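Welcome! Here is a short briefing to read alongside the structure. Take a moment to look it over, then follow the topics one by one.

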Amino acid sequence: MSATYEHAGPAACPACAGAPAAEALADLPRNARLMLSLPGIHCAGCISGVERALMAVPGVQDARVNLTLKRAAVEADAAVSAADLAEVLERAGYEAHELDPGVLATTESDRRGRDLLMRLAVAFFAMMNVMLLSVAVWSGAEGSTRDMMHWISAAIAIPAVIFCGRPFYVSAWSALRVRRLNMDVPITLAILLAVGTSLYETMHSGKHAYFDAAIALCFFLLAGRYLDYRTRASARSAAQELAALEVPRALRLRDGQEETVSVSELAAGDIVRVKPGGRIPVDGRVTDGASEIDRALMTGESLPAYAGPGSVVSAGEVNLTGPLMVEVTAAGEDTALHRIADLVAVAEAGRNNYTSLADQAAKLYAPGVHILSVLAAIGWWIYTQDLRVSLNIAAAVLIITCPCALGLAVPAVTTAASGRLFRKGMLIKDGTAMERLAEVDTVVFDKTGTLTLGAPQPVGLDRHPAEAMQVALGLAEASAHPLAEALSKALRDRGVRPAKLDDLREVPGYGVEARWHDQPVRLGRAGWVGAEPPDITATFLQIGSAAALPLTFTDSLRPGAAEAVQALKAQGKRIVLISGDTKGAVASFAAEIGIDEVIAEALPAEKAGFVAGLAAEGARVLMVGDGLNDTAALAAAHVSISPASALDASRAASDMVLLGRDLSPIADAVRISVVARKRISENFTLATVYNVLAVPFAIAGLATPLIAALAMSASSLTVSLNALRLK
Amino acid sequence: MDVLGILIPVSLFLGGVGLAAFFWMLKRGQFDDPDGDAHRILRDDYDDAPKG
């Protein structure tokens, strides 16, 4: 039923599901300027460590960690940038990402969450007091005592019901205005009818008053609504957090001056400077400089490509070695990146409309209840010719069947499950993603950047002469190129000492060169040292005029990747590896990680086509990918996951996002979602059983307020407890 | 049953106190970071002026 509620909200965190009132984000220091996402923190030591590391940075006035949201808010001088702080934390051993506080604006939605919580508290207060008074009536108070109890109950319940039930009345009214039925219509009708008949009964010193039922109804439904709201809010905040992860800035050159501007301010014809290691913010043409660019996210190639004056680059590629001046040809909405995002939007619109379990239940429920209670009222009116009795019966039927348990069944489970997943480092962006994940039978993985970190690791270094390795280390240390960095780290770890080199200089776009024992030495691209470009990632070392020595690399495995693949296999899922990389690289990698089904050199459209083909065969596909070339496939799959390092277009296209570097939560997520789905259907069964048992009493006119209260509380409690059983 | 004349106002008053306390806690942001607060109390660094 959750689909009928239009609550959008703030970044409430599902992890604090146990606490009644985690009102997200309100904790940030009022004038917080910088915000960091800390997916890895989990204990008191982490809080202290992060806060101490941040406070030690000059210019930082205040730093406060929110463990529930895994964020830190920092108040600092204008000179301190979030990127610097993230770097400080990385060095201290905490994974940190910069967040854009502007995107995380919450005032409006935060207010709604508080509002709901306040109504819940008032309903609880009123329910407890009215219940207390009702106990006297149930235990046999008579005459004027009973009337007094009823009148006091009315005095508490009527204002409380008017105040607390407002969300239901508003929603029911907006549905009725467009001639539609939603869950709130029977709820509103039940509350109004119950209060109305009870008031009438009280005025006439009647025996039964349903004030307690009316307010208890409000309370239980508000509880379900609040949980539902929080899951939605955290899904929404997940989306916001992702948007905030990528802070789009560029260095614009104007009149010889460099200025940092937002990418949205750039226009075609502007010149931007892209530092080595930076992501290219726009589509453009290189006007000056030489470097290599990493296109892994765009195409899945693991081999960097050369870029020099005249080369065309697109947004999302990473500049590796030398600074580049890029003339903007397209920025913002016009970039290739955005065009792909638009394609994704189209693919998503075409995604089969998944009807959630709750919606299926609500579709049956709302008309059923009305028909039942109208029939009961008509039957009794024919039988007794007494309008008062028949209205009483109708109210009793509506109260008994009212979806307290139904309204709690789904929110309670999804809140519990998404809280568990959040603690494991997984954000759920879409409300129905968990239900869809439970149905998955095929898992398709992308290679570069998903199963691997996209960071190379040298192999076979021991085969080379020790002296050459010393030279290689000396050269590699002069460069910030990822291959050079990986090489120098690996050699250092082996205890190799760098050779002493003279005239060391980096030639951006080609490599590093120097003089060693009066002969030139070079480390760099194949073409530069006169070697054949290989089909695997490699760099070449040339000493003097001898033939160049190839140093080959493989991509390093993402932590948890092997575990995730093994666990999914153990769960009986079919696993496919699909990559845009070369055949050789993909095949050897697949053998290493233990995947049998492999498709290499796949174009983005082929990836999406393959996933769509699987879906057409009836398979429920989980796509895990990070690159732009995966986006269409992510959108085409039944459900999709991407790592936090993915481009925002891919993250936008996927249903869930892994916050940390580790891939192992995927297998857990599948397991948890299967359990969650089971709990949801169990809860529906439980709720139905209660209704089936209690409705005959109501129709037969035997439903006393006591039975109504018992049925309502018992069913709500059972479904909540069943939801908490989720492990 | 005269005692009811006292007991009912008393119970309403106590309930009202609880409600007011809850609103106060909500306003003070005591539900903002339950996980963090649970862990903060266990950490070692002594703090003379803990942050609210």
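How many residues apart in helix 3 of chain A are A:Asp115 and A:Arg119? The two are four residues apart, which puts about one helical turn between them. An α-helix has 3.6 residues a turn, so residues three or four places apart point the same way. Please keep in mind that this is a predicted model.

**Chain A as a whole**

- Chain A contains 23 helices and 26 strands.
- Of its 727 residues, 57% count as buried.
- Among the contacts in chain A with a separation of 6 or more, 70% come from residues 24 or more positions apart.

**Salt bridges inside chain A**

- Over all chains, the structure holds 20 salt bridges.
- Side chains of opposite charge can pair when their charged atoms come close.
- The pair from the opening question is one of these bridges: A:Asp115 forms a salt bridge with A:Arg119, with 3.2 Å between the closest N and O atoms.
- A:Arg119 is buried because its relative accessible area is 6%, under the 20% cut-off, whereas A:Asp115 counts as partly exposed at 26%.
- Helix 2 (residues 82-91) of chain A holds both A:Glu87 and A:Arg91, four residues apart, about one turn of the helix.
- These two also form a salt bridge, and their closest N and O atoms are 3.7 Å apart.
- A:Glu87 is partly exposed, with a relative accessible area of 48%, while A:Arg91 is exposed at 66%.
- Another salt bridge brings together the side chains of A:Arg492 and A:Glu477, at 2.7 Å from N to O.
- A:Arg492 lies in helix 16 (residues 482-493) and A:Glu477 in the loop between helix 15 and helix 16, so this pair ties together parts that are 15 residues apart in sequence.
- Both partners count as partly exposed: A:Arg492 has 44% relative accessibility, and A:Glu477 has 38%.
- A:Glu439, A:Arg620 and A:Arg677 are joined into one network by salt bridges that share partners.

**Where chain A meets chain B**

- The contact takes 37 residues from chain A and 24 residues from chain B.
- About 2,500 Å² is buried between the two chains, and carbon and sulfur atoms give 63% of that area.
- On the chain A side, A:Arg64, A:Arg114 and A:Phe125 lose the most area to chain B, together 20% of what that side buries.
- Two salt bridges are found across this interface.
- One of them joins B:Asp37 to A:Arg64, with the closest N and O atoms 4.0 Å apart.
- The count of residue pairs in polar contact between the chains is two.
- Four elements of chain A each supply at least two residues of the side that touches chain B: helix 1 (44-55), strand 2 (60-66), helix 3 (107-138) and helix 4 (143-164).
- Helix 3 gives the most to that side, with nine residues.
- The residues on that side of chain A divide into 24 nonpolar, six polar and seven charged.

- Helix 6 (residues 184-203) of chain A has 20 residues and, at 1.5 Å a residue, should span 28 Å.
- Its end C-alpha atoms are 28 Å apart, which agrees.
- Just after helix 6, A:Ser205 takes a positive phi of about 55°.

**A loop with two positive phi values**

- A:His517 lies in the loop between strand 18 (511-516) and strand 19 (519-524) of chain A, and A:Asp518 is found in that loop too.
- A:His517 is not a glycine, although its phi is positive at about 50°.
- A:Asp518, also a residue other than glycine, has a positive phi near 65°.
- A:His517 counts as exposed at 62% relative accessibility, and A:Asp518 is exposed at 68%.

**Two residues and their surroundings**

- A:Ile699 lies in helix 22 (residues 665-699) of chain A and is partly exposed, with a relative accessible area of 30%.
- Leaving aside neighbours within four places in sequence, the contacts of A:Ile699 include A:Leu372, A:Trp380 and A:Val397.
- A:His464 sits in the loop between strand 16 (452-459) and helix 15 (466-476) of chain A.
- A:His464 is buried, with a relative accessible area of 13%.
- Not counting residues up to four places away in sequence, A:His464 touches A:Met469, A:Leu549, A:Pro550 and A:Leu551.

Technical notes
Residues are numbered from 1 along each chain as its sequence is written. Chains are lettered from A and ligands numbered from 1 in the order in which they are written. This is a predicted model: local features need pLDDT of at least 70, side-chain atom pairs count only at pLDDT 80 or more; totals for chains, interfaces and linings use all residues. Side-chain values use heavy atoms; hydrogens and water are left out. Contact means heavy atoms within 4.5 Å. Buried area is the accessible area (1.4 Å probe) that two parts lose on being put together, summed over both. A polar contact is a pair of N or O atoms within 3.5 Å; within protein, one must be able to donate a hydrogen and the other to accept it, and residues adjacent in sequence count only if both atoms are side-chain atoms. Ala, Val, Leu, Ile, Met, Phe, Trp, Tyr, Cys and Pro count as nonpolar, Asp, Glu, Lys and Arg as charged, and the others, Gly among them, as polar. Buried means under 20% relative accessible area, exposed over 50%, partly exposed in between (1.4 Å probe, protein chains only). The expected span of a helix is 1.5 Å times one less than its number of residues.
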